[in-house]
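Good morning, everyone. Please have the structure open on your screens. I will walk through a few spots, one at a time.

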Amino acid sequence: MTTLETRIEKWFDQIGELSPASDEARRDVELAITKLDDGQIRVAEVIDGDVVVHEWVRQAILLLFRVRGLERSEVGPFEYLDKLDLKHDYERRGVRVVPGASARRGSFLSRGVILMPSYVNIGAWVGENSMVDTWATVGSCAQIGANVHLAGGVGIGGVLEPANAVPVVIEDDAFIGSRCMVVEGARVGRGAVLGAGTILNPSIPVIDASTGEEISRGYVPDYSVAVSASRRREFAGGEFFLPCVLVLRRLAEGERHDKVALNNLLREHGVAT
Ligand SMILES: CC(C)(COP(=O)(O)OP(=O)(O)OC[C@H]1O[C@@H](n2cnc3c(N)ncnc32)[C@H](O)[C@@H]1OP(=O)(O)O)[C@@H](O)C(=O)NCCC(=O)NCCS
């Protein structure tokens, strides 16, 4: 008996020949997307400290675009034309969704998640009790932990291609300040605080303010309080300043930064958990 994983891999090898008329492939792909939607499978996860990508799940998402045709939908005066569905059944899932928010089917929203008017793309995972604040976007396949706050306007980048690209990972209890951009497989550790307006990608150096040492590129360690800063760089054309991320200090394990605690009232759900 073949598993869903091996069948998806087989369909992916022949993706160029598939179309919305490919019923057998479509059945397998839809099954994989339903499992993704319910959190039974996921695109990536942190195992023993490393980000492990389940490539076949991402392949299923790419196949979905191939085996689905465009469909028109309407909400009042608005018209849309797309291949993918939106997520449904929020009450059963224990997720609060404010008007203006949309999440695509095939994203997973855990119990206690709150979506302010924001966007969550397919393949993304959002952990328990996390808040996706107004105009924040969670890109395809991004992995957001539990009790995370993505503040207003945060942009979490998505990755569907190229193959083997690593999704953005935000670990449990992290706080991502307003208008931060975290993209291309960058990672923010557990309980870390990223100051408003920080840009983090795998080529941005993360520097420890207490030593001046570069800790990493694109990875903010657990319980760091980090802000956007700049570093001097010499070029043939002169001296310029490029962005970096500066770790101002470290919180104790399990400690919450007092400035970024969310009012409990805002988190109250009103949905039985
Ligand atoms: C990161 C943050 C928590 C730091 O708070 P803190 O630990 O109390 O640090 P301070 O306010 O003492 O600031 C430390 C230094 O970093 C600088 N700084 C603070 N926030 C900064 C930011 N976002 N970007 C760049 N520098 C920043 C300060 O100017 C200060 O410099 P100084 O030492 O020369 O005075 C806070 O500034 C922040 O950005 N909070 C997020 C706000 C937000 O997005 N809210 C969302 C509401 S929905």
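Let's start with the ligand. What kinds of residues make up the shell around the ligand? Seven are nonpolar, five are polar and two are charged. Keep in mind that this is a predicted model.

In total, 14 residues surround the ligand. The closest are Ser178, Gly195, Ala196, His257 and Lys259. Which strand gives the most to this shell? That is strand 25, with three residues. Strand 25 covers 224–235, and strand 26 covers 238–250. Each of these two strands supplies at least two residues of the shell.

Now zoom in on the polar atoms. Take serine 178 first. One of its backbone N or O atoms lies 2.7 Å from an oxygen atom of the ligand. Next, alanine 196. A polar backbone atom of alanine 196 is 3.0 Å from an oxygen atom of the ligand. Then lysine 259. Here the side chain takes part: one of its N or O atoms is 2.8 Å from a ligand oxygen.

How much of the ligand does the protein cover? On its own, the ligand has 920 Å² of accessible area, and the protein covers 49% of that.

On to the aromatic rings. A pair of aromatic rings is described by two things: the distance of the centres and the angle of the planes. This structure holds three aromatic pairs. In one of them, phenylalanine 78 and tyrosine 80 are stacked. Their centres are 6.5 Å apart, with 15° between the planes. Why does this pair count as stacked? Because planes under 30 degrees apart count as stacked, and here the angle is 15°. Phenylalanine 78 is exposed, at 52% relative accessibility. Tyrosine 80 is partly exposed, at 42%.

Another pair joins phenylalanine 235 and phenylalanine 240. This one is edge-to-face, with 5.8 Å centre to centre and 70° between the planes. Phenylalanine 235 is partly exposed, with 37% relative accessibility. Phenylalanine 240 is partly exposed too, at 43%.

Rings also meet charges here. Find tryptophan 11. The charged end of lysine 10 sits over its ring, 4.1 Å from the centre. Now find tryptophan 125. Over its ring sits the charged end of arginine 42, at 3.7 Å from the centre.

Last stop: the loops. Most residues other than glycine have a negative phi. Asparagine 129 has a positive phi, near 60°. Where is asparagine 129 found? Look in the loop between strand 10 (125–126) and strand 11 (131–132). Asparagine 129 is partly exposed, with a relative accessible area of 33%.

Tyrosine 223 has a positive phi as well, near 55°. Its loop runs between strand 24 (219–220) and strand 25. Is tyrosine 223 buried or exposed? Buried, at 9% relative accessibility.

Asparagine 201 is in the loop between strand 21 (199–200) and strand 22. Asparagine 201 is buried, because its relative accessible area of 15% falls under the 20% cut-off. A polar atom of its side chain lies 2.7 Å from the backbone nitrogen of serine 203.

Finally, glycine 212. Its loop lies between strand 22 (205–208) and strand 23 (214–217). Glycine 212 is exposed, at 53% relative accessibility. Leucine 246 is 34 residues away along the chain, yet the two C-alpha atoms are separated by 9.0 Å.

That's my tour. Thank you.

Notes: Residues are numbered from 1 along each chain as its sequence is written. This is a predicted model: local features need pLDDT of at least 70, side-chain atom pairs count only at pLDDT 80 or more; totals for chains, interfaces and linings use all residues. Side-chain values use heavy atoms; hydrogens and water are left out. Rings of Phe, Tyr and Trp (its six-membered ring) pair if their centres lie within 6.5 Å; planes under 30 degrees apart count as stacked, over 60 as edge-to-face and the rest as tilted. Buried means under 20% relative accessible area, exposed over 50%, partly exposed in between (1.4 Å probe, protein chains only). A charge sits over a ring if NZ of Lys or CZ of Arg is within 6 Å of the ring centre and within 35 degrees of the ring normal. A residue is near a molecule or strand if one of its heavy atoms lies within 4 Å of it. A polar contact is a pair of N or O atoms within 3.5 Å; within protein, one must be able to donate a hydrogen and the other to accept it, and residues adjacent in sequence count only if both atoms are side-chain atoms. Accessible areas come from the Shrake-Rupley method with a 1.4 Å probe; for residues, only the protein chains shown count as cover. Helices (H or I, at least four residues) and strands (E, at least two) are DSSP runs, numbered from the N terminus. Ala, Val, Leu, Ile, Met, Phe, Trp, Tyr, Cys and Pro count as nonpolar, Asp, Glu, Lys and Arg as charged, and the others, Gly among them, as polar.
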